[in-house]
Structure formats: structure tokens, C-alpha cells
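Q: I have a model open and would like to learn how to read it. Could we go through a few features together?

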Amino acid sequence: MRCLLVLLLMLAGPASAEDLWKGRTAAFFGLTFIDTSTEGELNGARPDETARIERAEQQAADAFAAHGIELLDLAPVAGDLARIRNPANCGGCELRMARALGADYAVVGEVQKVSNLILAMNLYVKEVSTGRQIRGQAVDIRGNTDESWQRGMRYILERNIFR
């Protein structure tokens, strides 16, 4: 009886990471850049940081596609999205928009710049049907360079999202 119970528990265990992603759809709302540094307040947006956000978003999008997830076109919710400052912190608006798109998952992220030395990068995956966060991680990165941003996103993707 005990062996049967163990076998049943093993069979009822969580789905493999591949089952979680293959053939699913996601609405990826990108990364919001939050500059709380004095530099940002005084000088405004920097082109190199704007480019880093775009590269980090592409790095995440490529990883989702490589794991069998179809990223949906956000055009049908573009009007709603334009009115939102930060989809990662909007009281569930990301789930509403993802649901309107017919997505399985809503993916949101942020990069917060505290200074040129200290930044925080976050990426979260939420299941649209339940609103539950199924994956997500925040990492601190040191140094405001292309390499540090790439390494931070790679860490989140490899160590959490697609583990």
C-alpha cells in the first residue's frame, strides 16, 4: 500500500518544465525602467540604458520562444498599455490585458536603477487563468554595463524561469 501511495504521489507531481511552456502563449509586456538615481532625475533618460532595456527584452523574448512559448502581439491592447506607467505594478492590469489577448501567461518585468553601481532586475510570469505567479525572480546587478544587464537577465531566465 505504501509503495502504491508513493507511486501515485510521483505521478501527481508537478508538470515538467517543458510541459509548463511548450505550446503555450504569453503576453510579454516588456521591462519597465525605473530610475531612482540622482543622475536620472537631473539628466533624464540615457540612450545606452534605453538600448540595454531593449536588449534585455529581446534576450527574454528569445528565451521564451526557444522554450516553445508563442509571444502574442500586443497591438489589440496597445491603447490600454499606453495609459499604464508600469505593467508590473498596475493592480492586475497585466492579467486583464493578457486575458483579452487569450494568453496563458502574462510576463512583466522591471529594472530599477539606484545608481550606476546598483541596479535591480525583476521578471515575473503569471498564470492568467488563476492570477498566480508561477515563476519570478529579482536579482541585484552591480555595474551599469551591457555585460552586467545581460548576465542579470540570463541568471533569472536560467535559474528561475526555465529551471
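Q: Is Gly109 buried or exposed?
A: Keep in mind that this is a predicted model. The cut-off for buried is under 20% relative accessible area. Gly109 has 1%, so Gly109 counts as buried.

Q: Where is Gly109 found, and which residues does Gly109 touch beyond those up to four places away in sequence?
A: Gly109 is part of strand β3, residues 105–113. Its contacts of that kind are Gly30, Leu31, Thr32, Ala88, Asn122 and Leu123. Take Thr32: 77 residues separate it from Gly109 in sequence, yet the C-alpha atoms are 6.3 Å apart.

Q: How should I read a salt bridge within a helix, such as the one between Arg52 and Asp48?
A: Side chains of opposite charge can pair when their charged atoms come close. An α-helix has 3.6 residues a turn, so residues three or four places apart point the same way. Here, Arg52 and Asp48 sit four residues apart in helix α4, and their side chains meet at 3.1 Å, N to O. Arg52 is buried at 9%, while Asp48 is partly exposed at 29%.

Q: Which parts of the chain does the salt bridge between Glu94 and Lys126 link?
A: The side chains of Glu94 and Lys126 meet at 2.6 Å, N to O. This pair links distant parts of the chain, with Glu94 in helix α6 and Lys126 in strand β4, 32 residues apart. Glu94 is buried at 2%, and Lys126 is buried at 17%.

Q: How many salt bridges does the structure hold?
A: There are twelve.

Methods. Residues numbered from 1 in each chain as written. Predicted model: local features only at pLDDT ≥ 70, side-chain atom pairs only at ≥ 80, totals over all residues. Heavy atoms only, no water. Helix = DSSP H or I, 4+ residues; strand = E, 2+ residues; numbered from the N terminus. Buried < 20%, exposed > 50% of the residue type's maximum accessible area, 1.4 Å probe, protein only. Contact = heavy atoms within 4.5 Å. Salt bridge = Lys/Arg side-chain N within 4 Å of Asp/Glu carboxyl O.
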